[in-house]
Structures are given as structure tokens and as C-alpha cells.
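User: I would like a close look at one part of this model. Please take a single strand and follow its pairing, then set it in its chain.

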Amino acid sequence: MKKILQKFSLYPDKTDIKSLALSFLIINFAFLYHTLNFMWGNHDVVFIKEKLHLSSGLFEGRFTQFIPHWLLTDGQILPIINNFLGFAFLTLGLWLLAKYWNIPKKISLYTIFITFFATLPYTLSWMYFTFITISCLLWVMVAIFGLYLSQYIATSSHKLFLTVISVLCFYITLGGYPPIINTFFVCLSAKITFDYLFENNSLKKIFKTHLYTLGNIIIAAILFKLTLHLIEHNNVYNLQSVPLSDMPQKFLETIFISLKQFTLSLPFMEAPYRMMLLIMVIFAFVGAIIKASNLGKKALTILFILGTVWFASLTTFLVVPHTEYVARIDFYGLAFVYTFALALLLKFKTPLAKSLSLIFVLIIIPFNILNDYRALKIWKQGFDAEMQILDNVIERIENSPKFNPDNLYRVYQAGDISLRPSYYKKDYTQPEVFSLDLPYFAMWQTAPLLEFFSPFKYADHNTPLLLNDITPDVKDFIKNKARPWPHRNAVYVDENIIIIILSEPELQILKEKLSQL
Amino acid sequence: MSSQLNTFRLKEPEIKLWLIAFAILSIIYLPLLVNFIWGNHDWQPLITDSGLSAGLIEGRFAQYIFLNTFLMGKILPILNMLLGFLFYTLAIVLLYTRFFAFEIQKSTPIIIITAAILPYINEILYFQFIVMSQLTWELIITFALLSAQKAYLSQNFVFYTVLTFLFLFLALGGYPASVNLFVTGACLKLVQKVTENTSLKNLIKQALPYFIPLCISFVLVYVIYQYLQHHHIMLNLYNNQHLSLSDLILKILPTIKLSLMSLIQPQPFFSLSYKILTTIIIVGFVCLEVCKTKNIKQRILICLLLFLLLLCLKFSAWLTNDIKGDFFADNDPSAFMVRTDFYAVPCLILFAITALTKQKLLIKNITLLLTVTILWLSINADFSFSKTHLLGFKAETNLQQRINARLLEHENYNPETYYTVVQAGELPLRHKYYLRKPFEKYGLYTLNTPYTRHWIAFEYYNFYEPYPFVREGTFIDPADITPQMADFLSHIKTWPDPQSVYMDNNYAIMALTPDGKKLLTKQFGNIKKDLQ
């Protein structure tokens, strides 16, 4: 094993181990408040109480999504371990990326490189839902491992073996979360840029080396598509690909999107912070162009850089749903572009570049950590506030004279209240659902949430309101009495159903539905 | 330049001591680090940022400098407290190794840890909005002491004296009571110098770099206070009352008496046995210093300095004025404020223990035994504080949730209206989780104050609600008193009675305690008389 690892320069020496340990500590510190306060998102309720099954992701075509959980924790979502494992995989993945991109080997540089990416607030977007934290952070490691191995195929005598392993890496990660394809191409394109600029490799050699990687990704993508045809899935929104005829138009749109993404401010990534990142990117890219020795080389460098930036929006190009500017997608794309810029600065040998990279990391990494803590504080306050509403709703249900804990109630919740935004007071141009807007007390999770802390099992998890449930009394309640929370008429209980009204627009929709009956 | 930098650079043993103290302190307060809870003034600052000028209302012009420098003015969980611990433990280590220049021995980690975790820190941890700055002033004052020490014998006397002034002025602008550390440290340093056979002339020379910046800083702070009060920026509050020069002279002896009393007065989280043990250490140290020298002049000088030390321990209490009959004068008198003792007593204990451990083996061993006992009692007290803080907060926020639920379910509640909440009485619950020991007194912020204050009801009534429903202000306009409200106020019951809550289109009124009810009924009676 040691020999194999040494052969691929993967056997960690003291520098590797120290930088890995240090980075792991810093990353854990950045998200410590989340690790210590076991918070979960609105899809996690049942999984937290019970467990994840291998098949839990099949309905949306994510056939490998829960393999890591199944192998590591028997499908359970466990406090502390959930984050520790996720961060361990992310740290290892970024260490592999540092090797893949040939970052100068120093404890300080490796640590900066790893912690810069991992503490970016994009990582937060994988922490709102606990059921995918481990897998979605692991995919980074597996994908980069696939890229790392692929680069050896051209010169190795074990071509088939390496091909199979790397195809498997790409296939598994696509099966877990398809937007990982952004990572494949951003990292590969960046690698080509580095080989061209810093290793002085000829285009022919670069082409020969990385053609295998490209081939492996394409094979994996085909296998992924075939698998989707084989498994039973619900044709949910996120599986729809752009038809070939629309691709030219979408290509042009994606160019615009890939450039605009640098300028938008998001929750916990406000304009000054984004500006700082953009300045770093501009310095790095201009430096790369200056470094290219002649006009032809400069033109190619620009092309590679633009290609890398465009690949950060590859998913947006490939699928119908709007995935642009979504933090969890950008985690696999834009965050790697920022890291690519940092890597360029770290690789330049001029004193100016070294000073610049030092200034940028000294500003950006602490700001990353502060932004993470700001977000986590607000998450906790929002979580507590929404759980208080849940408590109060349960209290009203249990206080209702018609409530009988032995009955099985069909539950309807009209609307939800998201309270994280109440604690956030900054301006942003691009809303971000996972970091800020999604509610914990969500309308599609009412039944399991009502029972989560309750001694009784009274909510029917499978059946929605039936036509028979709309008695004259219910009709009268909805039409004339119902008011949104916290009004005393926000909760209705009879022998068969429970209705909770949390928002006025959803109440109006309910009234409209009723009038159509 | 590089040799100077080398002098300032921390040595490896110092870094080790610092990290050990920091780690232990962090572990002891892990319950409070993990569970982010806050005091009664923190509700609003938790949501909005604290700007640089936020402390001007009580004259604290430098209070928010560090919060803005390190955390963008935000109160952030874990980071807020950890940064404070980091600076505070560094201060303790620097006091030991640099200012008092004690040699690092095997027992040093125990002494440093003991000084760092003395329960005086507990009161500092109650308010989140000042926790980092309060802990950081300890380091800033230590820097002031170090530069004052450097001024003597230095060619740059003026430079170091000015530097001392700047550090001291900054700290006084953040929290005036942090001066206790400066004067206590300076006094102990002079005691140390006398025992090293320093002549009186030299002693005065050495005292000047402490004395001059102290006087200038206070004059400047006084001028700033006058300016702020004149422009109505600063309020005339209980904690910024000051005395005339003649009153100060008259107050010296009463302050020294209070200083002696506070050494043995048990307070919440400072049991009698704890106070006795620390007093034994202090008395032992005093005896040691007096007996150390046979020169009668030196003995007199040491006695005078030790007498002065008693005043230094309560320096802030000496300078301020408790208004007779005021709530704070009765419940939180300045001579017994744990948060002001935080700046003086740990420094004295650190010095006293170290001085005693340098003596004969028997004295050394007894001192170490006492130190370990104090350490253990401190650990218990600190965890006990965390427990009461956590449970009290939980109980009071749960109660608040129930009060809000009752208001929002009230038949007169209208989601489109903002209400003036008149909450008569407060229900602090922390004390329920603490068994008071005999003779214990005071402890307003360590144990007694509630997490909600009725005059800022809008902050906590709105905090967890999806739609704010309470407006600022807590007074009933007599013109708004309807017959229904008058009827309620005449027959008001206390919480949780169904008749304890009143709501109309404008007001939400409730009596949480019998005392609150009494007050409300009395006020209503007066209004009724006026109206008649």
C-alpha cells in the first residue's frame, strides 16, 4: 500500500500531515458552533429520528447519495460526527487538489490553500441539511481523486486499472450530486492552465495527458445517464436536461451568468466581501496573463482562464432548472474558481505576488470565519424561534377540546414562516434559500414535526386532507374564521383533521381551492 | 530594533503557559461556549451591530473598539468569548513573567491557572455585548503596566510614559473600573521594589511613570464625561457618579474598611470557606512582606504600601458615589461588585501565592496545598455559575414564551397593531438553581438580575416572534385609561392567573409578581386621585 501511494506521490510526509491536521482544526473551528449545536434543516426531520436508507435518494436520481452514510454511520445522522467526517473528507479532497495543481509544498501554503476554500461561506450551504453534509463534502474528495489518478494514465503501464478507478470516481460522484460536474471541469481546466503556464509543457503533451481525464469524465457521464434510465425516479425538476437545440442560446446565456456571478452579493457574502474576492481574482488573472511569455501564449492563457470561469456554470448550461447563483451549486464551481485564483498567486514567484497573496489570505480567511459564525448564529436564532412557534402550535392543538391523542389526524398546514431572515440586517442582491430563506417549520414536514417532541402519535404521514374532511364546520372556519398565525383562529382541530394557518397568501389559496369544490 | 523586538517576543515557556491557561479556561466555560446565551441588555445588540459610539451613553467611548476591530461590531457565539479568554490569559501570563518578573517554576502553571479561573470572571461573562472588551482591558492595562515599568531607567522615559498613558486612557475609556488592575499592579510592584532594598528616592522615581499617566488619564476622562454630559450624549447613571476632592479624602478610611470587609464577605459563588482560604493567602503574604526586612524604615514603607493596597483593591469604588436609597446602592454596592474586583483580586492572589511559594519548603507546600484547594473551589464555582446561568436563561425564556403565547391568543390581539407592554414586576429565576450558603450577600449580575428588563420589553417580546407586536415605551397615558382597563387595574391578579393579563387595542398589561402588582395598583390609585 505504501509503495502504491508513494508511486502516485500520495504517501503523506510530515509537511502533508501537519498541514492536514492544522487545516482540519481551523475548518472545525470555523464551524464549531454548528458542530456543537445539533441543528437540522427541514428535510432532515424524519431522517434524524429514524435513519437514511440506501434508496432514500433514488426518487430524484441520486443513486449513490446515501452510500457514505450507510457505510460510515449505518445511515444515522449523528451529532458532531456528521460534521467531523464531512470536514475530514473536504480537507483530504483539498489536499489532493493542492497536489493535483502542484501548489508549492509548504505547511503554510497548503494550510492557506485548504482553509481558504473550506471556510468560504459556500460550505455553509451543505450544512443546512444534515442528511447530505457527509456525502456532498465527500464528493469533492472523490472527484479530485478521479482527476488526480487520470493525469497518470498517459504515462502509466496500468492504464486500464487507473481508467476504471477514475471513471468509478466520476460516476459515483455524479450519482450522488450531478452538479459535481462543475468541479471536474473547473479543476481540469485550471490544471491545464497551470501545466501551460508553470510547467512549460507543450500543448501537445498537455492534450495527450488530459485527454484521458476528459474521456473518463465522458464515460462516467454516459454511464450516469444510462443508470438514470434504468432506475425508477420521479422525473423531479432537477433531472431535466437542456435539449440540444437550445444549447447555443444557453451557451451564450451561461457566459453572461459566469461573469455576473462575481458581482452579486449574497447573504453572509455581502458586496465588500465579494469585491475583495473579485479583486483577488483580477490580480491573479492579470498576473497569469503577464506571466505568459508571448502574444500567442497570452491569448491561450486568457482562453484557458475564461474556460475555467465558464465551467463554473456548466450545470446551469446543462440543465433546465435555474441553478445560477445558487450557493450549493457554486460550491462546486465558483468556489473552485476563487481557489484557482489563490493558487495562481501562491504559485507566482515574484515578491509582489507573494505579498499580495499574503494580504488577501490575511483579510479573506478571517472574514470567511466571521461570516460563517454570523450565519450560524442567525441559523440558531431562526431555528429556536421557529421551534417556539411549533411548540405553541402543538400547545394549541393539545389544548383544543376536540383533540384526542388516540385519533389519527390528517394535517394541513397553509404556508410557513421563515425566521432566519428576521435576524439578518444586511443588504444583498441575490437571495439564497439554503443560507437564509428556507424555513425549518416547513409546510411539507408538518406531520413529522408535530410529533417530533410529542409523546403522542396522532398525525397521518401519508394521507392529505380528504374531500369528506371538508365538513360545513371546516368550510365555515376556512371561509370566515381562519386567520394567519399567531391569531387564535390560526389552528383548527376536529375529530379527523388539524389545520394550521401560518401565512395569509396560503390561506387565500386554500380559500380558492375551497370555492372550487 | 530587532533586539527590542526580541524582548517583546513571547518565549516558548510563556507561550506554553498561555496556551495551558487558555485551554483550561475554555474547557471550564465550555457549557457557555456551546450554549450561546446572553444577558438582559443583549437582546437588541444581538440582532443589530454595536457601532463604535454605542457606549457613549454611559461615557464609555472606547468600549466597542475591540468588538468592531475583531468581529465587525457583531456579537458572535464562541468567537466573542474565546477572543476574550485569549487576551485575558495572555495578560495573566505577562503579569507573572514580565511585570512581576517571576521565574517560571514547576508550580507556575497551577498558579497561573488559579489566578485565571478565580470566580471573579463569572460576572464579566453575563453580558455578551461587553464580554470581549471587558476581558481585553486586562491585557491593555497589563501593557500599560509594562510600559510604565520600562520607563524607569529607560532613555525614553517620556515615550514610555506617554505609551502608558495611551494604554491606560484607552482602558479607562472602555471600562473605568479596569483602573483597579493598574493601581493594584503598580502598588504590588512598589512593594516588590522595597523588599529589593530600593531607596525612597528611587522608589518615588519608579512610581512616577505610574502616577503621572494615571492623573492625566483621569483628568482627561473627567473632561470627556463633562463634555458628553453637557451635550446630553451621556446619561447620568448610577455607574458614572463621581465625588469632589474633599469627599474623596473623607472616603479613604471607609473604603479601606469596605476593602477589608469584602475580603471575607461571602457572596454568591464565593463561599465563606473560599473567602477564608484567599484571606489566609493574602494575610500570609502581608506577614511575609512585613517580616522580610529588618530595616524599620523599610517596614514602615511596606506597611504604608500595604495600607495603600487596600485602597487600590477598591479604587473604582473609592472614586464613585453610591446614591443612597438607589436600587444599585442596595443590591450592587460598588465596594462589592464582583466585576470590579475582577481587575484587582486575581492580580493580588497571583502575586501573593507566588511570593509565598518562594519561601521555605513548609510555607511553600502549605501555599501550594491552599492554592490547589482554591483552584478546585474556583472550578466548582465557575461550573456552578454556568449551570445557574444556563438553567435560569432557559427557565426565563420559556416563561417569556408562555407569556407571549397568552398575549397572542388573547381575544383582543390584533396582528396589525403595535402594543405598549406594561409588565409589572420581573421574575428572575437563576437563583432557583443556586443554594445560597450562610451569610452570602449581593451578587446582582452573578445571580439575581433577570434576563429581561421591563423597561426594554419591546426587545425581548419581539425577539422570537415572526411579527413584532410591541412598541418602545412602557407607560400608560392616563388619557388612554378606559373603564375596562380601570376595572382590570382595580382587580388585577398576578401571573399565572387568567386575570393577570389585560389587552385592548393599544396596551398589553400584566402583573408578573405581587410587588409589581402592588406598584401598578398604587400608580393607578395616584392617577385616579389626580383625575378626581
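How many bridges join β1(A) to strand β4 (residues 497–501) of chain A, and do they run parallel or antiparallel?

Analyst: Five bridges join β1(A) to β4(A), and the two strands run parallel. Strands (E, at least two residues) and helices (H or I, at least four residues) are DSSP runs, numbered from the N terminus; two strands pair if DSSP finds at least two bridges between them. This is a predicted model, in which local features need pLDDT of at least 70, side-chain atom pairs count only at pLDDT 80 or more, and totals for chains, interfaces and linings use all residues. Residues are numbered from 1 along each chain as its sequence is written, while chains are lettered from A and ligands numbered from 1 in the order in which they are written.

One of the residue pairs between these strands is A:A414 with its bridge partner A:I501 in β4(A). β1(A) also pairs with strand β2 (residues 459–460) of chain A: two bridges join them, again in parallel. There, A:R410 stands opposite A:D460.

Strand β1(A) itself covers residues 409–414 and is mostly covered, with five of its six residues buried. A residue is buried if 20 or more other C-beta atoms, placed from the backbone, lie within 10 Å of its own, exposed if 12 or fewer do, and partly exposed in between. Across chain A, 48% of the 517 residues count as buried.

The setting of the strand is a chain with 22 helices and four strands. The radius of gyration of chain A, taken over C-alpha atoms, is 25 Å, close to the 24 Å from the globule rule for 517 residues, so chain A is as compact as a globular protein of that length. The globule rule is 2.2 Å times the number of residues to the power 0.38. Along the principal axes, the C-alpha atoms of chain A fill a box of roughly 80 × 45 × 45 Å. Of the contacts in chain A with a separation of 6 or more, 78% are between residues 24 or more positions apart; a contact means that the C-beta atoms, placed from the backbone, lie within 7 Å.

Among the helices, α6(A) (residues 81–100) is likewise mostly covered, with 16 of its 20 residues buried. Just after α6(A), A:N102 takes a positive phi of about 55°.

Notes: Two residues are in contact if their C-beta atoms, placed from the backbone, lie within 7 Å.
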